[in-house]
Amino acid sequence: LDGIRKEIRGFEANAAKFLKEFRANGPFHWIADVNQIRDAYIGLDKYQHQLTELISRSQQLRELEDLFELPLSQYTLLDEIKEDLRNLKTTWDVVFLVHSLFVQWKNTLWAEIKTDDLVDEVRRLQGQIKKLPRKSKDWHVTKNLETYVKNMHTVLPLVHELHSPAM
């Protein structure tokens with residue numbers, strides 16, 4: 001029994017170490033670079049794989065605890081990491097969507113620009129950003145995303161004015 005308890009304590013220490021490493025080195029930052037988006041998805045996959053292994057190990061330990069009638073451990077850190085990963089993936093999906101749209105818009109010919117449609121789309125994007133999980137609002141990636149979309153929202157009326165026939 002002492003060996004199982006020691007193994008559980010070691011697992012909990014590994015889970016805490018993983019959480020610390022994830023929070024320190026996870027893809028929580030973004031500077032409007034397409035390569036960084038790709039790297040973020042690679043990092044998310046890496047962390048998801050590691051989390052899956054930890055969850056599998058936690059289930060094995062719970063089975064041991066149940067077998068030897070020990071109190072079952074909760075491993076709340078794993079749930080916290082799982083939630084953060086899910087929220088981070090959702091945030092990066094929105095980042096990818098916004099970045100892809102803006103790159104596409106930059107390739108639009110001047111005569112074909114429909115600023116009213118673009119403004120409506122930016123408003124829709126801003127609404128989508130507001131719907132992101134509350135916890136993600138404190139992350140650098142979300143703050144930069146909000147700024148990126150806000151800047152486009154500021155620029156589009158100016159483009160509309162320049163695009164008018166009076167100019």
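Modeller: Let us begin with arginine 124, which forms a salt bridge with glutamate 121, their closest N and O atoms lying 2.5 Å apart. A salt bridge here is a side-chain nitrogen of Lys or Arg within 4 Å of a carboxyl oxygen of Asp or Glu. This is a predicted model, in which local features need pLDDT of at least 70 and side-chain atom pairs count only at pLDDT 80 or more, while totals for chains, interfaces and linings use all residues. Residues are numbered from 1 along each chain as its sequence is written, and side-chain values use heavy atoms, with hydrogens and water left out.

Biologist: Where do arginine 124 and glutamate 121 lie?

Modeller: Both are in helix H4, 3 residues apart, which is about one turn of the helix. Helices (H or I, at least four residues) and strands (E, at least two) are DSSP runs, numbered from the N terminus. Arginine 124 is partly exposed, with a relative accessible area of 42%; buried means under 20%, exposed over 50%, and partly exposed in between, using a 1.4 Å probe and protein chains only.

Biologist: What is the general idea behind such pairs, and which residue forms a salt bridge with lysine 89?

Modeller: Side chains of opposite charge can pair when their charged atoms come close. Lysine 89 forms its salt bridge with aspartate 93, and the closest N and O atoms are 2.9 Å apart. Because lysine 89 and aspartate 93 are 4 residues apart in helix H3, about one helical turn separates them. Lysine 89 is partly exposed at 37% relative accessibility, and aspartate 93 is also partly exposed, at 31%.

Biologist: How many salt bridges does the structure hold, and which residue meets aspartate 84 in one?

Modeller: The structure holds 9 salt bridges, and in one of them the side chain of aspartate 84 meets that of lysine 135, at 2.9 Å from N to O. Aspartate 84 lies in helix H3 (residues 76–106) and lysine 135 in the loop between H4 and H5, so this pair ties together parts that are 51 residues apart in sequence. Aspartate 84 is buried, with a relative accessible area of 1%, whereas lysine 135 is partly exposed, at 33%. Arg23, Glu80, Asp84 and Lys135 are linked in a network of salt bridges.

Biologist: Is serine 136 buried or exposed, and what is it in contact with beyond its neighbours within four places in sequence?

Modeller: Serine 136, found in the loop between helix H4 (115–130) and helix H5 (140–163), is buried, with a relative accessible area of 0%. Leaving aside those sequence neighbours, serine 136 is in contact with Thr91 and Thr142, where contact means heavy atoms within 4.5 Å.

Biologist: How many helices and strands does the protein have?

Modeller: The protein has 5 helices and 0 strands, and from the N terminus on its elements run α-α-α-α-α. The radius of gyration is 23 Å, well over the 15 Å that the globule rule gives for 167 residues, so the protein is more spread out than a compact globule. That radius is taken over C-alpha atoms, and the globule rule is 2.2 Å times the number of residues to the power 0.38. Along the principal axes, the C-alpha atoms fill a box of roughly 85 × 25 × 20 Å.

Biologist: What share of the 167 residues is buried?

Modeller: Buried residues make up 34% of them.
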